[in-house]
Amino acid sequence: MNFSQLPSITAGIILNLPEDRPVQTLITDSRKSVIAESSVFFAIVGTRHDGHAHLQELYQAGLRQFVVEKSIQTENFPLANILQVNSTIEALQKIAARHRQQFSIPVIGITGSNAKTIVKEWLYQLLSPDQSIVKNPGSYNSQIGVPLSVWQMQAHHELGIFEAGISKPHEMTNLQAIIQPTLGIFTNIGSAHDEGFSSRSEKIAEKLQLFKDDCPIVYCIDHADIHEQIRLNKLPCFTWGELPQADVQVRHEGARLNICFKGATFELTLPFADAASIENALHCIATMLYLGYRHEVIQERLVLLKSVAMRLELKQGVNHCQVIDDTYNNDLAGLRISLDFLRGQQKKKKILILSDILQSGLNDLALAEQIAALVNATNIHQFIGIGPVLKAHADKFKVRSKFFETTDVFLQSKVWEGFQGELILVKGARSFQFEKIVTVLQRKIHGTVMEIDLNKMVHNLNFFKSLLKPGVKIMAMVKAFAYGSGSEEVANLLQYHQVDYLGVAYADEGVELRKSNISLPLMVMNPAEESFHHLLEYQLEPVMYNLKMLSSFVQFVEARSATIHIEVDTGMHRLGFEYEDVGEIVSMLRDKPNIKIASVFSHLAGADESQHDSFSQEQFKNYQRFFQTLSSGLNINPLRHILNSLGILRLPDFQMDMVRLGIGLYGVNPTEQAFKQLQPVASLKTVISQIKNINKGETIGYGRKGVAESDMQLATIAIGYADGFSRGFSKGIGVVLVRGHRAPVVGNVCMDMTMVDVTGIHAREGDEAIIFGKGLPIQEVAHRLGTIPYEILTNTSERVKRVFYSEGI
């Protein structure tokens with residue numbers, strides 16, 4: 001497909017066509033751009049972002065093909081091919097649909113409320129030994145993700161497997177035209193995206209729009225609401241379930257399945273026994289039976305079925321490294337996503353450890369050339385290729401590279417011992433056992449882990465952005481180790497998502513962020529005089545809150561350039577200038593043009609509760625009075641901000657020029673109002689080290705403070721007050737979640753361990769114990785201790801390993 005063909009496909013208008021170029025790479029995110037002659041950027045307009053704002057930046061970087069929906073000055077892009085359309089998303093979809101029409105291979109389309117990605121990945125595992133398969137990378141199932149996925153389809157592919165997700169009516173018709181499935185799977189129906197539909201029935205009907213004409217649908221006949229609509233619409237189907245009229249009749253006891261199909265009865269055994277996995281596997285089994293697979297072959301492949309990791313994990317590594325663990329799959333589409341994730345990280349030195357890509361459908365040379373093109377286009381400090389194909393085509397890689405025949409040979413080489421401070425992406429096919437590499441690279445810490453969901457953090461950031469008036473900037477607070485979550489990693493994410501400012505408590509926090517290549521403006525809220533030289537050296541912006549500090553800083557700076565922030569005490573009575581200080585501030589700074597005031601701000605004392613709204617209004621008036629006097633006295637117009645997370649949620653009239661986003665970024669809502677849009681970001685987990693049976697009357701722990709009032713089962717978990725699990729949780733005040741049940745603390749919390757009562761829970765050694773997270777909200781944990789979620793988060797010790805993860809999308 002060439003660019004000149006796009007108008008006939010999209011009904012668009014060519015604005016500029018200096019050279020007709022091929023269309024090979026479709027780009028929708030300016031931060032993930034592959035700059036090549038055949039790349040095309042689609043300037044998508046969203047609720048919070050506009051791709052048109054990045055056209056000049058991409059043109060300067062070398063991109064030469066654009067699809068836009070707004071009028072632009074073509075003279076600013078003299079060498080670029082430019083197509084204008086009514087909707088860039090619709091244009092993207094139409095181009096992908098035309099591409100799909102060139103192929104007559106069978107395609108499995110998957111929809112449903114849950115498990116679409118797992119069923120797709122498992123089908124890929126089960127069917128890929130027989131044919132070359134193209135599929136969505138990760139969870140690319142949206143209005144943008146589906147066309148990007150189908151665009152991967154090439155002549156060597158023999159089967160497509162694509163999932164499709166929707167959130168409102170009329171979306172599925174677009175995706176159907178792109179996927180054009182020849183066989184369908186409807187996994188289930190649940191509450192996801194209920195808010196976008198008038199009823200559950202409407203949502204089912206909309207999802208069924210994926211399957212047109214004579215496309216058979218595989219589904220569970222026991223799901224009555226799905227079955228009823230398929231029956232009423234007389235759609236072709238292939239069913240499984242317990243009901244006798246199912247095409248594949250199933251009975252199961254745990255992981256053992258008894259199946260009756262076409263008069264034959266046989267048993268299959270699954271490598272797992274939970275209900276969700278059994279249902280997901282049965283969708284795959286029914287599909288394989290429909291496709292004609294013998295049950296003996298199905299069984300052989302089921303035992304090899306692996307769980308699907310749905311996320312990329314960023315782990316703390318040895319020698320101050322960080323490790324991105326992406327060892328769960330390896331294909332070209334997944335590699336592109338992982339490299340996008342790597343590209344978004346700010347560390348200067350990046351290492352990619354990659355295995356051969358298996359079952360790609362390409363010959364070795366073509367595969368190596370495609371991998372090399374991706375690697376060479378990414379700013380990688382070192383590439384390590386493992387496998388015979390990569391080693392045989394080492395000459396294709398232009399970056400610093402080393403090659404090894406096998407994983408074991410790499411480990412024996414001890415090359416990894418020389419890594420120091422790098423960001424390392426580990427991505428390999430399962431057969432290469434790259435988990436061995438992750439094991440030697442990650443820092444050894446005990447089993448207590450704080451997991452940080454970066455996707456949820458981005459969701460919360462975007463939610464707060466949606467509350468802001470146009471032009472209002474965001475300062476994201478990453479003080480106190482980013483509320484216990486890890487300053488460097490969180491700051492890196494926020495910089496990638498283009499917040500305007502970062503705020504830290506102390507200069508040394510800012511210095512560490514600068515050393516980690518964080519270039520955003522950084523406000524330091526509590527500077528000390530001894531840190532003044534660091535403030536200037538690392539371009540940090542201190543907060544001035546009294547005349548003594550301001551005078552000392554002015555004398556230290558002399559004629560050098562510096563940027564400061566002025567804090568005003570409007571009623572919080574913590575830190576800040578009083579109104580009476582304005583005159584002296586003006587006198588000190590009037591003849592100091594080298595010292596720039598970036599912002600003037602204050603804190604609301606009671607933004608979380610409506611009972612304090614009149615006081616907040618009074619504070620706002622005091623702030624306005626201070627700001628107007630200072631700004632007129634110095635003839636300046638610095639940024640104004642007074643709202644924190646709580647204020648953003650409750651007091652939109654006080655937004656002014658900028659807001660400070662802190663605890664809200666982590667999904668914690670301490671206000672009296674419910675904001676269901678916020679998603680908790682952090683969860684703290686540990687493991688059960690040992691389980692003991694304790695007789696009635698026996699005592700537990702230091703000081704014998706725990707007493708068994710009856711025979712009990714006691715579990716020792718690997719967390720104590722040195723990890724941030726307060727001694728205040730002792731003697732039943734605190735609980736942890738084990739197998740979905742609350743297990744109260746018994747006796748006193750120890751330094752490194754805690755004992756909990758697991759009587760009747762049927763717990764086992766090695767089981768996970770949730771300190772806070774899903775099923776045990778941090779608000780409840782804080783309430784038990786008589787404190788606030790801030791304290792629970794920030795008290796989590798730095799010796800607790802942080803694992804950052806992001807969906808592979």
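Q: Quick one before I look at any helices. When is a crossing left-handed, and when is it right-handed?
A: Compare the near helix with the far one. If the near helix is turned anticlockwise from the far one by less than a right angle, the crossing is left-handed. If it is turned clockwise, the crossing is right-handed.

Q: Good. Which hand does the crossing of H22 and H23 have?
A: H22 and H23 cross in a right-handed way. Keep in mind that this is a predicted model.

Q: Where are those two helices, and at what angle do the axes cross?
A: Helix H22 covers residues 582-589, and helix H23 covers residues 613-634. Their axes come within 10 Å and cross at roughly 25°.

Q: Parallel or oblique, then?
A: Roughly parallel. Angles under 35 degrees count that way, so H22 and H23 qualify.

Q: Which residues make the contact?
A: On the H22 side, Val582, Ile585, Val586 and Leu589. On the H23 side, Phe626, Thr629, Leu630, Gly633 and Leu634.

Q: What is the phi of Asn635?
A: It is near 55°, a positive value in a residue other than glycine. Most residues other than glycine have a negative phi.

Q: Is Asn635 buried or exposed?
A: Exposed, at 72% relative accessibility.

Q: Which loop holds Gln498, and what is its phi?
A: Gln498 sits in the loop between helix H18 (487-496) and strand E23 (501-504). Its phi is near 60°, again positive in a residue other than glycine. Gln498 counts as partly exposed, at 42% relative accessibility.

Q: Back to helix pairs. What about H7 and H8?
A: Helix H7 (residues 200-207) and helix H8 (residues 224-232) have axes that come within 10 Å. They cross at roughly 60°. H7 and H8 are therefore oblique to each other.

Q: Left-handed or right-handed?
A: H7 passes H8 in a right-handed crossing. Ser201, Ile204 and Ala205 of H7 make the contact with Asp225, Ile226 and Gln229 of H8.

Q: New topic: aromatics. How many aromatic pairs does a search of the whole structure find?
A: It finds 17. One of them is Phe41 with Phe66, an edge-to-face pair. The ring centres are 6.5 Å apart, with 80° between the planes.

Q: Which parts of the chain does that pair tie together?
A: Phe41 lies in strand E3 (residues 39-42), and Phe66 in strand E4 (residues 65-68). The pair therefore ties together parts 25 residues apart in sequence.

Q: Buried or exposed, those two?
A: Phe41 is buried, at 1% relative accessibility. Phe66 is buried too, with a relative accessible area of 1%.

Q: Which residues form an aromatic cluster with Phe41?
A: Tyr59, Phe66 and Phe77.

Q: And what sort of pair do Phe532 and Phe553 make?
A: Edge-to-face, because the planes are at 85°; the ring centres are 5.0 Å apart. Phe532 is in helix H20 (residues 532-537) and Phe553 in helix H21 (residues 547-557). The pair links distant parts of the chain, 21 residues apart. Both Phe532 and Phe553 are buried.

Q: Which arginines lie over a ring face?
A: Two to look at. Arg560 lies over the face of Phe556, at 4.9 Å from the ring centre. Arg625 lies over the face of Tyr579, at 3.6 Å from the ring centre.

Q: Now H10. Which of its residues are buried?
A: H10 covers residues 295-302, and its buried residues are Val297, Ile298, Gln299, Arg301 and Leu302. They pack against helix H4 (116-127), strand E14 (264-269) and helix H9 (275-290).

Q: Where is Gln176, and what does it touch?
A: Gln176 is in helix H6 (residues 172-179). Leaving out residues up to four places away in sequence, Gln176 touches Pro181, Gln209, Leu210 and Lys212. Gln176 counts as buried, at 14% relative accessibility.

Q: Last one: where is Gly62?
A: In the loop between helix H2 (55-61) and E4. Gly62 is partly exposed, at 28% relative accessibility. Gly62 and Leu26 are 36 residues apart in sequence, and 15 Å apart in space from C-alpha to C-alpha.

Definitions and conventions:
Residues numbered from 1 in each chain as written. Predicted model: local features only at pLDDT ≥ 70, side-chain atom pairs only at ≥ 80, totals over all residues. Heavy atoms only, no water. Phe/Tyr/Trp six-rings, centres within 6.5 Å; stacked < 30°, edge-to-face > 60°. Helix = DSSP H or I, 4+ residues; strand = E, 2+ residues; numbered from the N terminus. Buried < 20%, exposed > 50% of the residue type's maximum accessible area, 1.4 Å probe, protein only. Lys NZ or Arg CZ within 6 Å of the ring centre and 35° of its normal. Axes fitted to C-alpha atoms, helices over the stretch in contact; angles between N-to-C directions. Parallel < 35°, antiparallel > 145°, perpendicular 65-115°, else oblique. Contact = heavy atoms within 4.5 Å.
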